[in-house]
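Visitor: I have a new structure on the screen and would like to talk it through. Can you take my questions as they come?

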Amino acid sequence: MTEAAKPARGPGRPRDERNSERRRRELIEAAYRVFTTKGYAAATAADIATEVGVGYGTFYRYFDSKRAILDDVVDYGLDRILSEIVGDLFEPGLADLEITLESLVGAWVSAVDRMCHIAESEPALMRALLFDLTGIDDDLNARLLGMGGVLGATLERLLARAVDAGVLRADLDAANVAWMLMALTIPPVMRTLQGEGELDRRRYADTVVAVLSPGLRVTTNPD
């Protein structure tokens, strides 16, 4: 009796799903290095395959085009940034912690420090996310803005808690303050990319805190 033939695999589908996921991850990490080194416009799918050390056709088993892998690369880069900068700000236990104006200011200063440290250690990543990848197409712009929206909404909830607790002024618009604080993290990052150091960053943070604190703090009217 003849042994039944094994079902044919789909075209290009890897035999082992674990190896498939590993190879996909390798291609994403390689694309991240290639895009942040050569720039997205100058990079090719062949460059990515060469970075991994595989044949040109292997890339197309996993991704239809250079643009198709870009979303995964952006997610990879954003994950690297978020895991570094969020610190305790988004920890599950935060809801149980007492919020003070000082702790909020400290969290913002810490986020600025961490963003600038990334700009120092991985300047190509920051340049890609701030400059190189913006404007490629509407879909990518929407992804980047969407991530900003997630961060803004999380920070808004934290600020709203502070307002409810009487830590911040009751008439503050938490959503607008959240977006303002996020926008204020960008200038020191750009100055770090231009070669400025920690002293410049400290002066910047001190200036922002000095300007914002009186406007955020609850004031007691004398009788």
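Predicted model: local features only at pLDDT ≥ 70, side-chain atom pairs only at ≥ 80, totals over all residues.

Visitor: What share of the residues is buried?

Guide: Of the 223 residues of the protein, 35% count as buried. The exposed surface comes to about 13,300 Å², and carbon and sulfur atoms supply 53% of that area.

Visitor: On to the core. Which members of the largest nonpolar core touch the most others?

Guide: That core has 57 residues, and those touching the most other members are Phe 35, Ile 48, Ile 69, Leu 159 and Leu 168. Helix α5, residues 101-121, gives the most to this core, with nine residues. As background, nonpolar side chains tend to be buried together in soluble globular proteins.

Visitor: Take Leu 168. What is it in contact with, leaving aside its neighbours in sequence?

Guide: Beyond four places in sequence, Leu 168 contacts Leu 101 and Leu 104, then Leu 159, Ala 162 and Val 163, and also Leu 216 and Val 218. Leu 101 and Leu 104 are among the buried residues of α5. Leu 159, Ala 162 and Val 163 are among the buried residues of α7.

Visitor: What else is buried in α5?

Guide: The buried residues of α5 also include Trp 108, Val 109, Met 115, Cys 116 and Ile 118, and Asp 113 is one of them too.

Visitor: How far does α5 reach, against what is expected?

Guide: α5 has 21 residues and reaches 30 Å from its first C-alpha to its last, close to the 30 Å expected at 1.5 Å a residue.

Visitor: Now α7. What span does that one have?

Guide: Helix α7 covers residues 138-164, which is 27 residues, and its end-to-end C-alpha reach is 38 Å, close to the 39 Å expected.

Visitor: What happens at the start of α7, and just after it?

Guide: At the start, a side-chain oxygen of Asp 137 comes within 3.2 Å of the backbone nitrogen of Asp 139. Just after α7, Gly 166 has a positive phi of about 80°.

Visitor: Which residues of α7 are buried, apart from those you named?

Guide: They include Leu 140, Leu 144, Gly 148, Gly 152, Thr 154, Leu 155 and Leu 158. In general, an α-helix has 3.6 residues a turn, so residues three or four places apart point the same way.

Visitor: Why does Leu 158 count as buried?

Guide: Its relative accessible area is 8%, and buried means under 20%, so Leu 158 counts as buried.

Visitor: Different topic. How many aromatic pairs are there?

Guide: The count is five aromatic pairs. In one of them, the rings of Tyr 32 and Tyr 76 have centres 5.0 Å apart and planes at 70°, so the pair is edge-to-face. Tyr 32 is in helix α1 (residues 17-38) and Tyr 76 in helix α4 (residues 66-85), so the pair ties together parts 44 residues apart in sequence.

Visitor: Are those two tyrosines buried or exposed?

Guide: Tyr 32 is buried, and so is Tyr 76.

Visitor: What about Phe 59 and Tyr 60, how do their rings sit?

Guide: Their ring centres are 5.2 Å apart with the planes at 80°, so this pair is edge-to-face. Phe 59 is buried at 0% relative accessible area, whereas Tyr 60 counts as partly exposed at 36%. Ring pairs link Tyr 56, Phe 59, Tyr 60 and Phe 63 into a cluster.

Definitions and conventions. Residues numbered from 1 in each chain as written. Heavy atoms only, no water. Core = buried A, V, L, I, M, F, W, Y, C linked by side-chain atoms within 4.5 Å. Buried < 20%, exposed > 50% of the residue type's maximum accessible area, 1.4 Å probe, protein only. Helix = DSSP H or I, 4+ residues; strand = E, 2+ residues; numbered from the N terminus. Contact = heavy atoms within 4.5 Å. Areas by Shrake-Rupley, 256 points an atom, 1.4 Å probe, with all protein chains shown as cover. Expected span 1.5 Å × (residues − 1). Polar contact = N/O pair within 3.5 Å; in protein donor to acceptor, adjacent residues only side chain to side chain. Phe/Tyr/Trp six-rings, centres within 6.5 Å; stacked < 30°, edge-to-face > 60°.
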